[in-house]
Amino acid sequence: MIKEFSNTYFLSAAECNPQGEMPMQLLMERIIEIATLHANSWGVGYARLIEDNQVWVLSRVTTEMTQYPKVNESYTLVTWIEDYNRFYSQRNMEILNHEGKTIGYARTIWMVINFTTRESMDISKLSYISENVTPHPCPIAPQGRLRTVSAPTRVSEHKFLYTECDFNRHVNTTRYLELLMNQFPLDFHDNNLVHRLEMAFIKETTFGETVNVNIDESEPLDCFISIDNGNVSHCRARITFASRG
């Protein structure tokens, strides 16, 4: 089995954000894709697990980037398993630019759930995980504890619609991220990039639900956000921006 899996991509103009770079939602798609490709190479991807009515779901993700791939450049993601326990598998990624230089890392936490009951499953007996843990270092700090934003500096409302749902019939991970990025105006993104992102997915959101996006930007470049329906948090995040200057 391949302990470390890599894949190289090309960033087209159609995929770029207004700054001519890889947008955060595409980075998230690639993180999910490289994890899926690696699991498929072991024969434990979606096609295999669904036979037992099980699926992998992303529980937490943390990224830290110094720069982003630019239009018409290639880039590579490398992924490996760092650790696991009964309920979670910790999978890391390294992002390299077209010159092979490391420009970022990602830490992800995955769990297996029963597709029907949505209950978590014990993965400690999946021998392929223990046999393929690797000491490849991931130098970024693990995700901190994220709390609901109880005293927001501003709030926006959003209703999730058809195109924001995936085959699990709940809101897609990347749609949450798009919603977060859209809370900041274009000129803010022109002047700042996302240096570190932490996201925790608490509760599935389904078609037609209306949520509040609660933002605490007391520190303008270090924002806490929670996507909530009443007293229930669906997603929590912390975004640390860095000046492009």
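This is a predicted model: local features need pLDDT of at least 70, side-chain atom pairs count only at pLDDT 80 or more; totals for chains, interfaces and linings use all residues.
Searching the whole structure turns up 6 aromatic pairs. One of them joins Tyr176 and Phe201, whose centres are 5.9 Å apart with 40 degrees between the planes, a tilted arrangement. This pair bridges distant parts of the chain, with Tyr176 in helix α4 and Phe201 in strand β7, 25 residues apart. Tyr176 and Phe201 are both buried, and together with Phe160 they make up one aromatic cluster.

Another pair brings Phe188 and Phe241 together. Their ring centres are 4.8 Å apart and their planes stand at 90 degrees, so this pair counts as edge-to-face. Because Phe188 belongs to helix α5 and Phe241 to strand β10, the pair ties together parts that are 53 residues apart in sequence. Again, both Phe188 and Phe241 are buried.

Then there is the second largest pocket, with a volume of about 320 Å³. Its lining takes in 19 residues, and Asn17, Gln19, Gln25, Met181 and His189 are the ones nearest its centre. Helices and strands that give two or more residues to this lining are α1, α4, α5 and β7, and β7 gives the most, with 3 residues. Sorted by class, the lining has 10 nonpolar, 6 polar and 3 charged residues.

Finally, Asn85 sits in the loop between β3 and β4. Its relative accessibility is 40%, so Asn85 counts as partly exposed.

Notes. Residues are numbered from 1 along each chain as its sequence is written. Side-chain values use heavy atoms; hydrogens and water are left out. On a 1 Å grid over the protein atoms alone, a cavity is a set of points where a 1.4 Å probe fits but cannot get out, and a pocket is an open set with protein on both sides within 12 Å along at least five of seven lines; lining residues have an atom within 4 Å of a point. Grid points are joined across faces, edges and corners, and a volume is the space filled by probe spheres set on the points. Helices (H or I, at least four residues) and strands (E, at least two) are DSSP runs, numbered from the N terminus. Ala, Val, Leu, Ile, Met, Phe, Trp, Tyr, Cys and Pro count as nonpolar, Asp, Glu, Lys and Arg as charged, and the others, Gly among them, as polar. Buried means under 20% relative accessible area, exposed over 50%, partly exposed in between (1.4 Å probe, protein chains only). Rings of Phe, Tyr and Trp (its six-membered ring) pair if their centres lie within 6.5 Å; planes under 30 degrees apart count as stacked, over 60 as edge-to-face and the rest as tilted.
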